[in-house]
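The entries follow in the order I made them.

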Amino acid sequence: MRDHVLGSIPYPLRVGVGLLVYRNMVQTLYGQGTLRFTDDEIASMRRDIWEEISSLLISSKSASNNAEQNQVFWLLGGDTPTEADAACFGFIVAALTSTA
């Protein structure tokens, strides 16, 4: 990530700035409590999140008028997409395509 984000500055400076940013991020995440979870707790939370998204989409599809057909359905069940559809789609795509 460092070389991608800081790619416009010379390499030695990029390393130094990258270390400063990394140290700051670690302190922030530890202060928030995010880095205090164990690997098992993180895996459990990740599984719970995906299960909740899956159940939300399944219930939304079954409540849709197009449930029997293989057609588009919206998260909140309306005729048009909402911000919830965009947010859910963005979260899923980012989680599945991120290489970080």
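Before placing any residue in a helix, I note that a helix here is a DSSP run of H or I with at least four residues, and helices are numbered from the N terminus. The model is predicted.

**Entry 1: Ile53**

I looked up Ile53 and found it in helix H3. Is Ile53 buried or exposed? Its relative accessible area is 14%, and Ile53 counts as buried because the cut-off for that class is under 20%. I then listed what Ile53 touches, leaving out residues up to four places away in sequence, and got Cys88, Phe91 and Ile92. I also took a distance to Leu29, which is 24 residues from Ile53 along the chain. The C-alpha atoms of Ile53 and Leu29 are separated by 25 Å.

**Entry 2: the largest pocket**

I turned to the pockets next. The largest pocket holds about 190 Å³ of space. Which residues line the largest pocket? I wrote down Ile42, Met45, Arg46, Ile49, Trp50, Phe91 and Ala95. Helix H3, residues 39-63, and helix H4, residues 83-97, each supply at least two residues of this lining. H3 has the largest share, with 5 residues. By class, I recorded 6 nonpolar residues, no polar ones and 1 charged one in the lining of the largest pocket. Arg is a charged type under the scheme used, and Arg46 is among the lining residues.

**Entry 3: the ring pair**

How many aromatic pairs does the structure hold? I found 1 aromatic pair. Trp50 and Phe91 form that pair, with 5.7 Å centre to centre and 40° between the planes, and the pair is classed as tilted. Trp50 lies in helix H3 and Phe91 in helix H4, so the pair ties together parts that are 41 residues apart in sequence. I checked the accessibility of both partners. Trp50 has 31% relative accessibility and counts as partly exposed. Phe91 has 38% and is also partly exposed. Both values fall in the class between the limits of 20% and 50%. Phe91 is also one of the residues that Ile53 touches.

**Entry 4: the second largest pocket**

I gave the second largest pocket a volume of about 150 Å³. Its lining is made up of Leu57, Phe73, Trp74, Leu75, Asp85, Cys88, Phe89 and Ile92. Which helix gives the most to this lining? H4 does, with 4 residues. The class count for the second largest pocket is 7 nonpolar, no polar and 1 charged. Asp is a charged type, and Asp85 is in the lining. Cys88 and Ile92, both in this lining, are among the contacts of Ile53.

**Entry 5: Ser60**

I looked up Ser60 in helix H3. Ser60 has 6% relative accessibility and counts as buried. What does Ser60 touch, not counting residues up to four places away in sequence? I listed Phe73, Trp74, Leu75, Leu76 and Gly77. Of these, Phe73, Trp74 and Leu75 also line the second largest pocket.

I placed Ala86 in helix H4. At 51% relative accessibility, Ala86 counts as exposed, because the class starts over 50%. Ala86 and Leu57 are 29 residues apart along the chain, and their C-alpha atoms are separated by 13 Å. Leu57 is one of the residues lining the second largest pocket.

Ala94 is in helix H4. Ala94 has 43% relative accessibility, which puts it in the partly exposed class. I took the C-alpha distance from Ala94 to Tyr11, 83 residues away along the chain, and got 28 Å.

I found Tyr22 in helix H2, residues 11-32. Tyr22 is exposed, with a relative accessible area of 57%. Tyr22 and Phe89 are 67 residues apart in sequence, and I recorded 29 Å between them in space, C-alpha to C-alpha. Phe89 is another residue from the lining of the second largest pocket.

Last, I looked for a charge over a ring. Where does Arg36 lie? I found Arg36 over the face of Tyr30, at 4.1 Å from the ring centre.

Technical notes:
Residues numbered from 1 in each chain as written. Predicted model: local features only at pLDDT ≥ 70, side-chain atom pairs only at ≥ 80, totals over all residues. Heavy atoms only, no water. 1 Å grid on protein atoms, 1.4 Å probe; cavity = no way out; pocket = protein on both sides within 12 Å on 5 of 7 lines; lining within 4 Å. Points joined across faces, edges and corners; volume = space filled by probe spheres on them. Phe/Tyr/Trp six-rings, centres within 6.5 Å; stacked < 30°, edge-to-face > 60°. Buried < 20%, exposed > 50% of the residue type's maximum accessible area, 1.4 Å probe, protein only. Lys NZ or Arg CZ within 6 Å of the ring centre and 35° of its normal. Contact = heavy atoms within 4.5 Å.
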